[in-house]
Amino acid sequence: GYTIEICALCAIILSLYNIHFTLKEKEHLFHVDGDGWRTATTAISSPPWQSRPQHRYAVANFVDGPTFLYGVYSIHKQMERYNMTDHLSHIVIMPQYMRRRYGKVLSSWVGKENVRTVDRGYIINRVRPEQDLWLGPFNKLWFFNLTEFDKVITLDTDILLRTNIMHWFDYDTRYTPCAIQAKDDISWNSGAMVIEPSTHLFHSLLDELPNVRRYNKSHVYDHDPQSSGRSDQEFITSFFLNDTKRAKKRCIMPSESAVLTSSLIESDTFDYYNKYRPQVYQTVHFTVKKPWQKSYFEAKRGNVTVYKPVPEIICKMLWEWNESARGIEEYYDDIPPLEYDYLARCR
């Protein structure tokens, strides 16, 4: 009799235990640290025999000025359009000085818990003038510190999302990040990358940063300058290719995953796909003709503005971006209006 009663009591306790963890398995506890990060503490999850661990994914942008906000809005709207927002977080990292003015509008788009503020000088103040580097892009190294996520797709805000890119998380990033190589470059293009964040990796990158020099083939160096160029992408590539075994397992995405607009207008191969199969372009990186900037398609000669024809494929992508940013004018009380008529010569 006692055995039956004890077994029944055990069954009740086990049932309550399972109910507790079932209710808690989707709950994550968060805190905000001194730098304004919203970071995950220990997550309460169900026992391993009850459910498989789920991957934690995110798309992340770095905002370094008001014009970056247009891109965040476009990317988030496209993520909603292609049913991505139910499966991942959209993280926006911004300098602390921008928080008061633009934090509220960003929170209304991606959620207050997904807006992170950082000290803009924490990374770039490690760089000295004689290193001759472009400072701003190095703040994208913050992405490697998003350690509450297993994998993160990092996107520059001048990228047009044209399809669901959840399949990017299938790339093998155990050894290196994954990104395209533009043209004949060895370096990744860091405008669109898939990474596995790691605190150790983040600090290793920062520790190496003071040793980086802009490479110039006419100079003679007494040591490895640790980069083939001036930006974050050359440094990140050199960092990961420093290990031969790791370099052999390097991950490269196909060019059409994150095609550059400069490639679209400068290559015969791309010209074919522009005309007959533009649907293969998963994202488009506006390296030229950004919607909020004038570009080399127009220039001043004295008091005269000289216009070059805007290629058809660029106009097509600008019209798509225009559609993706529909509704942003509702926020013009909070962000600077888009004043440049980027479609003026695409009608």
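Which residue in E9 is the bridge partner of Ala-179? Select Ala-179 and then Met-193, its bridge partner in E9. The model is predicted: local features require pLDDT of at least 70, side-chain atom pairs count only at pLDDT 80 or more, and totals for chains, interfaces and linings use all residues. Residues are numbered from 1 along each chain as its sequence is written, and side-chain values use heavy atoms, with hydrogens and water left out.

Next, select residues 192–195, strand E9; strands (E, at least two residues) and helices (H or I, at least four) are DSSP runs numbered from the N terminus. Both faces of E9 are covered, with Ala-192 and Val-194 on one side, Met-193 and Ile-195 on the other, all buried (under 20% relative accessible area; exposed is over 50%, partly exposed in between, with a 1.4 Å probe and protein chains only).

Proceed to the open sheet of 3 strands, ordered E7-E12-E11, with mixed pairing. Its edge strands, E7 (159–161) and E11 (259–260), each pair on one side only. E7 runs antiparallel to E12 (residues 283–285), joined by 3 bridges; here Ile-159 stands opposite His-285.

Finally, select Asp-222, in the loop between helix H5 (199–208) and helix H6 (232–240). Asp-222 counts as exposed because its relative accessibility is 73%.

Technical notes. Pairing = 2+ DSSP bridges.
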